[in-house]
Amino acid sequence: MAAAAAAGLSWRRVSSFTGPVPRSRHGHRAVAIRELVIIFGGGNEGIADELHVYNTATNQWFLPAVRGDIPPGCAAHGFVCDGTRILVFGGMVEYGRYSNDLYELQASRWLWKKVKPQAPSTGSPPCPRLGHSFSLYGNKCYLFGGLANESEDSNNNVPRYLNDFYELELQHGSGVVGWSIPVTKGILPSPRESHTAIVYCRKDLGVPKMYIFGGMCGCRLNDLWELDIETMTWSRPETKGTVPLPRSLHTANVIGNKMYIFGGWVPQSAGGEISTHDGEWKCTGSFAYLNLDTTEWIGLISDCHEDKSNLLPGPRAGHCAVAVGTRLYIWSGRDGYRKAWNNQVCCKDLWYLDTEKPPAPSQVQLIRATTNSFQVKWDEVPTVEGYLLQLHADSPVPSAAGTPGTGVPETSVLSSQGGSSLHQSPQSLPSVPCPEMKVDHPSQANNVIPNNVQLSLSSNSLLKIEGKEKAAGSENKMTQEAMKNHADVTGFKESNAPSLLPACTSSPQTSANVGELHDLDKRTVIPDASVSSTVSSTQTTVTQQAVKTESSSTNGAVVKDETSLTTFNSKSEAAETAYFMPSTKVNTGQANDSHSSRAPQRQTAPVKSRERQWYDVGIFKNSSAVVSQFYLLPEEILNASNKMEDADVPDYRLLKKQDLFPGTVYRFRVAAINGCGVGPFSKVSEFKTCIPGFPGAPSTVKITKSVDCIHLSWEPPASPSGNILEYSAYLAIRSTQLQENPNQLVFMRIYCGLKTSCVVTAAQLSNAHIDYTSRPAIVFRISAKNERGYGPATQVRWLQEWKQQVCMTTAR
């Protein structure tokens with residue numbers, strides 16, 4: 001483990017998966033479509049013909065209901081993914097009998113189709129083979145080498161190693177054009193099978209190159225070959241570092257600018273010498289990468305390393321490896337040959353490794369706000385273990401000087417108030433990564449990372465979240481931010497029409513029913529048999545993935561009639577890189593009562609920007625949180641955090657907490673966490689807690705489409721704070737101001753009255769602005785007015801790529 005630890009590796013074995021787990025095997029292949037790992041072929045005691053899918057987001061295996069020209073089972077075949085279609089070429093269909101058939105799987109419909117490409121204009125099409133490489137770049141697949149059977153009798157296996165090279169041109173979306181034999185320069189790589197091939201394009205040069213490594217041709221190989229795809233020139237690049245041992249049946253995957261090599265058959269060393277031809281061979285668990293920009297080999301786990309602690313994947317060959325984002329997954333494969341049993345012994349384990357820190361998440365988005373809390377969300381980052389959420393306030397915030405608070409702390413600040421996850425998957429849709437979005441009652445499961453879960457934050461720091469989990473206390477009364485009276489038409493001042501201040505409702509439910517009908521070819525992969533529509537014939541629902549809250553401060557203007565407009569400015573700060581900023585001090589005797597009925601004493605002294613500091617809200621499993629408190633840090637932690645970017649995350653159990661204040665602007669940022677540590681922070685979002693006395697935002701907005709219009713309807717605010725005098729609905733329209741500032745939406749009022757519904761005419765819709773901040777959508781805002789004025793608006797995004805969907809957020 002020493003080499004792995006020195007390299008900062010943190011392999012994780014997956015043990016909590018559900019669903020029908022495929023039987024262990026070797027010679028199978030895998031590709032990734034978004035968060036789904038799709039495995040086909042291979043075998044052990046017979047060749048498998050099922051298609052298995054593993055959802056990395058839900059740790060769930062399933063067998064999709066495939067149809068069409070289902071191919072026979074095969075092993076050591078070519079397997080590539082182009083968007084949501086997969087191509088399968090060749091492989092062994094039974095002992096001694098190989099294939100040169102080509103199949104296409106439309107994974108969006110789980111539909112197989114046998115395709116017949118045209119033969120090359122010069123020469124013959126590829127002969128039946130196994131152990132070849134099949135690589136995709138652009139609209140072409142590149143076939144190299146493999147093993148053919150010279151005998152026509154499948155029982156009489158006469159091996160012939162190949163080094164022929166073919167191009168397969170693909171049609172867009174579905175189908176193929178045909179094979180061709182490109183004219184290449186330089187010396188072809190020697191014949192081989194069970195090698196690997198990848199394609200990499202340097203960002204600075206933009207020249208795609210294919211790299212072939214290793215394989216078998218009577219003996220194992222460890223030579224590296226490079227093909228410049230633009231000039232079709234073969235070469236042997238010079239490399240630095242220690243070249244991995246000769247091997248076959250290994251895997252190669254590109255993540256970033258690195259080609260990761262894992263496992264395979266390698267020579268059994270004896271007395272420091274490596275045996276080669278007719279020598280002894282063994283499976284290995286070695287792991288190395290080639291920096292494709294510098295062509296330097298870096299060894300991570302040596303070939304002679306034997307792990308006895310189950311902290312690393314064991315030796316294997318003929319396994320599959322696939323990259324999902326920056327995470328590498330490895331499944332099954334054989335770990336040797338037992339002469340006494342006369343069969344292969346296959347691994348049954350699934351492992352993953354985070355190869356680099358995760359990217360920055362999207363900006364924090366507001367779902368709703370109260371006088372002393374926010375419900376927020378952000379887009380999920382694939383293959384992460386949690387999220388670090390931080391805030392800072394415009395007003396001075398107390399710091400915990402001296403010794404931090406003791407005792408068992410409340411962890412309600414880490415709870416999502418019953419928001420079990422904004423990304424839970426219904427059992428009927430095992431492959432859907434982002435189905436119905438819910439914000440449930442506080443008594444349900446929360447979002448905090450559970451007890452005894454460890455997250456490696458860096459090579460020298462480890463975060464451990466422990467202590468008692470506790471749901472947040474009873475919700476405080478949710479009220480609204482005040483709005484000023486109507487502005488004059490030309491002044492563009494703040495008015496009584498809806499701003500993007502936070503919604504304030506006392507209901508534990510969000511003001512939207514959230515579901516999604518996926519565009520399968522563009523969005524995700526769902527087995528046909530398990531598709532259940534979330535959209536009725538008369539009502540559209542809300543897509544979680546397209547939820548977009550303009551999470552930034554708003555200064556705009558609204559006027560009273562249809563001819564007058566409102567503008568909206570979207571502002572954001574650049575994400576800071578330091579975890580914490582310098583603090584101010586408060587009395588160390590402050591009580592640590594996270595559920596005090598007494599409102600916290602707000603400090604009103606101004607704070608200069610250089611004095612602002614970031615405070616931890618907590619670590620969250622999922623991409624949502626209810627924020628009512630944050631952690632105060634002792635001065636010594638603040639000073640250490642400012643000096644060390646990778647400083648240990650403090651023990652939250654020992655820290656005091658601070659409640660949020662009404663009518664205060666808070667800025668949020670979030671960073672994702674995986675096995676490599678905490679990634680960069682998102683851009684900064686800005687929200688303001690509500691001031692009591694104003695109506696909440698309308699809820700449960702529905703859109704029904706008719707032939708020549710649409711019908712908007714909504715429910716009254718859950719916290720009207722008095723009698724509702726009227727509602728106003730607004731439509732974002734095209735404007736020359738958008739050309740100057742694309743982030744500034746311009747709104748026209750299309751309804752004002754007491755009814756909780758209105759009709760939007762075709763003429764009004766013809767003037768609508770299509771907002772592309774996430775997915776193309778028409779934007780509406782709806783707000784309520786009581787005796788004190790208008791409260792904040794509920795924002796609705798009606799998706800235009802998928803006509804029967806609407807995306808809704810409570811806007812700030």
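This report walks through the cores, sheets, hairpins and salt bridges of a predicted model.

## Ground rules

The model is predicted, so local features need pLDDT of at least 70 and side-chain atom pairs count only at pLDDT 80 or more, while totals for chains, interfaces and linings use all residues. Residues are numbered from 1 along each chain as its sequence is written, and side-chain values use heavy atoms, with hydrogens and water left out.

## Nonpolar cores

In soluble globular proteins, nonpolar side chains tend to be buried together. A nonpolar core here is a set of buried Ala, Val, Leu, Ile, Met, Phe, Trp, Tyr and Cys residues joined through side-chain atoms within 4.5 Å. Buried means under 20% relative accessible area, exposed means over 50%, and partly exposed lies in between (1.4 Å probe, protein chains only).

The largest nonpolar core has 27 residues. Phe-374, Val-376, Leu-389, Val-627, Tyr-666 and Phe-668 touch the most other members. Strands supply two or more residues each: strand 32 (365–369), strand 33 (374–377), strand 34 (386–393), strand 39 (615–620), strand 40 (624–627) and strand 43 (665–674). Strands are DSSP runs of E with at least two residues, numbered from the N terminus. A second, separate core holds 24 residues, including Ile-710, Ile-724, Ala-729 and Trp-798.

Take Val-627 from the largest core. Leaving out residues up to four places away in sequence, Val-627 touches Asn-372, Ser-373, Phe-374, Val-376, Leu-389, Leu-391, Val-617, Leu-660 and Phe-668. Contact means heavy atoms within 4.5 Å.

## Two open sheets

Strands of a sheet pair through backbone hydrogen bonds, either parallel or antiparallel. Two strands count as paired if DSSP finds at least two bridges between them. Strand 1 runs antiparallel to strand 31 (residues 350–354), joined by two bridges. Arg-13 has Trp-351 of strand 31 as its bridge partner.

Another open sheet has three strands in the order 46-47-50, again antiparallel. Why is one side of strand 46 and of strand 50 left without a neighbour in the sheet? Strand 46 (699–705) and strand 50 (757–761) stand at the edges with a single partner strand each, so one side of each has no neighbour in the sheet. On average, neighbouring strands of this sheet are turned by 20 degrees against each other, direction ignored. Such angles come from axes, which are lines fitted to C-alpha atoms; angles run from 0 to 180 degrees between N-to-C directions. Five bridges pair strand 47 (residues 709–715) with strand 50 in the antiparallel sense. Cys-709 stands opposite Thr-761 in strand 50.

Strand 17 (residues 220–228) is largely enclosed by the rest of the structure, because eight of its nine residues are buried. Strand 16 (residues 208–216) runs antiparallel to strand 17, joined by seven bridges. Met-216 has Arg-220 of strand 17 as its bridge partner. Three residues lie between the strands of this hairpin, where Gly-218 takes a positive phi near 85 degrees.

Strand 17 also runs antiparallel to strand 18 (residues 233–235), over three bridges. Here Glu-226 has Ser-235 of strand 18 as its bridge partner. This hairpin has four residues between the strands, and Met-232 takes a positive phi near 55 degrees.

## Salt bridges

Side chains of opposite charge can pair when their charged atoms come close. A salt bridge puts a side-chain nitrogen of Lys or Arg within 4 Å of a carboxyl oxygen of Asp or Glu. The structure holds 20 of them. Asp-82, Arg-85, Glu-104 and Lys-113 are linked in a salt-bridge network. Glu-94 and Arg-97 also meet, at 3.5 Å from N to O. Glu-94 is partly exposed at 37% relative accessible area, and Arg-97 is partly exposed at 41%.

Asp-349 and Arg-316 form a salt bridge with closest N and O atoms 2.8 Å apart. Both residues are buried. Asp-349 lies in the loop between strand 30 (343–346) and strand 31, and Arg-316 in the loop between strand 26 and strand 27, so the pair ties together parts 33 residues apart in sequence.
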